[in-house]
Amino acid sequence: VISRVTGRQILDSRGNPTVEVDVELEDGSLGRAAVPSGASTGSHEAVELRDGDPSRFHGKGVRRAVAAVNGEIAAAVTGLPAEDQARIDQTMIDLDGTPDKRRLGANAILGVSLATVKAAALAHRQPVYRYVGGAGARVLPVPMMNIINGGAHADNPLDFQEFMIAPVGAASLSEAVRMGSEVFHTLRKSLAAAGHNTNVGDEGGFAPHVVTADEALEFVLGAVEQTGYRPGTDITICLDPASSEFYSDGVYDYAGEGRKRTVEEHVDYLRGLLDRYPISSIEDPMAEDDIAGWQHLTRLAGDRVQLVGDDVFCTDVTRLRAGIEGGYANAILVKVNQIGTLTETLTTVDAAHKAGYRVVMSHRSGETEDTTIADLAVAVGCGQIKTGSLSRSDRTAKYNQLLRIEEELGDSARYGN
Ligand code: PGA
Ligand code: ZN
């Protein structure tokens, strides 16, 4: 039974305020969760409540969300059984009363939702992945490691946001982490040798001053090969162009490159990349509003590459169903703060799995030391996680938690999907 709920304002990995929540149970169990924050957000995400007071944190304070946690939400959930996650989440949804959680803030609600499950797991003396996923939860996800950052996550002219490697041929999660780390360090050397800076972007990947996707992909592919791995077999490449960021009115505007592409040209360009590089997954290849484009690409390439809907679905089961029925995408990115409660997140994952859509558990570009998504990836057994590069503690914290889980599972651990 929940005895106390405490919200506070802390900082995220970009140095912006975010919400942290402690949920305490009568038996003394304490669950603590911190809420992430996106930069290239989908327009249909649950609303992150910010104070908008320009005299504090440039308007980005979350004191109103924290006040909602400590006031209305604490009053509503104190005394409820922490095991009844669905009831606690529904109580907050009802209390908020808006379709997108804008009154209390999805950041307030998610903090309480995740802190509750962590407290309940502790009370049951179970790790979160087992408490949520049951005794059968034992699949460690293949990480998509974001080693070159562009788009809204870096100041370089790269139009595409994320260039990732997935160690699909690894025998275990720990081997995947080693392979990723090795390639990351090879990449640093080859970038430096080519005269590029080796500073990192928001998700810990390098942010060199390169312009086209081809340039970035050549560096990634070269680093994989030079490290001694077989592209396409040991390690595949995954992209997140985050296309909603550079689309409007039927045009994909590659501003860094200085050229515009029609929907057809954009699709052709992506298909050309698929022909030239060992790419296994593209997230948000098409913009959230370009449903016809999504359908077109899915028809042309959906049988040979994973097409992951991020902005287009926003972890919302209703939006996902539109994709399943409308024949677009074949996978979904799952971000807990896009929807705002654990219960709704699990509902979306379930609906995706039932429809044969693959699921990728994901961080945000603004993160904290909170590692709950690592546990959730194992809990739902989705087999894939996107949690950034092999640098920045906000990213490596998730890999480190996966390493602990793998160790704990011992011989029963499985890797991949
Ligand atoms: P965001 O980016 O967290 O800044 O929205 C991540 C993504 O687009 O997948
Ligand atoms: Zn994305």
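Which polar side-chain atom lies 3.1 Å from an oxygen atom of ligand 1? The first view answers this for a predicted model, in which local features need pLDDT of at least 70, side-chain atom pairs count only at pLDDT 80 or more, and totals for chains, interfaces and linings use all residues. Residues are numbered from 1 along each chain as its sequence is written, chains are lettered from A and ligands numbered from 1 in the order in which they are written, and side-chain values use heavy atoms, with hydrogens and water left out.

**View 1. Polar contacts of ligand 1.** The atom asked about belongs to aspartate 240, and it forms a polar contact, here a pair of N or O atoms within 3.5 Å. Serine 365 places a polar side-chain atom 2.5 Å from a ligand 1 oxygen, while for histidine 153 a side-chain N or O atom is 2.8 Å from an oxygen of ligand 1. Taken alone, ligand 1 exposes 280 Å², of which the protein buries 100% (Shrake-Rupley method, 1.4 Å probe).

**View 2. The shell around ligand 1.** Ligand 1 is surrounded by 16 residues, the closest being Ala39, His153, Arg364, Ser365 and Lys386, where a residue counts as near if one of its heavy atoms lies within 4 Å. The shell comprises 8 charged, 6 polar and 2 nonpolar residues, with Asp, Glu, Lys and Arg taken as charged, Ala, Val, Leu, Ile, Met, Phe, Trp, Tyr, Cys and Pro as nonpolar, and the others, Gly among them, as polar.

**View 3. Cysteine 382.** Cysteine 382 is buried, at a relative accessible area of 5% (buried means under 20%). Its sulfur is 14 Å from the closest cysteine sulfur, in cysteine 238, and is therefore too far for a bond.

Notes. Polar contact = N/O pair within 3.5 Å; in protein donor to acceptor, adjacent residues only side chain to side chain. Disulfide = S-S within 2.5 Å. Buried < 20%, exposed > 50% of the residue type's maximum accessible area, 1.4 Å probe, protein only.
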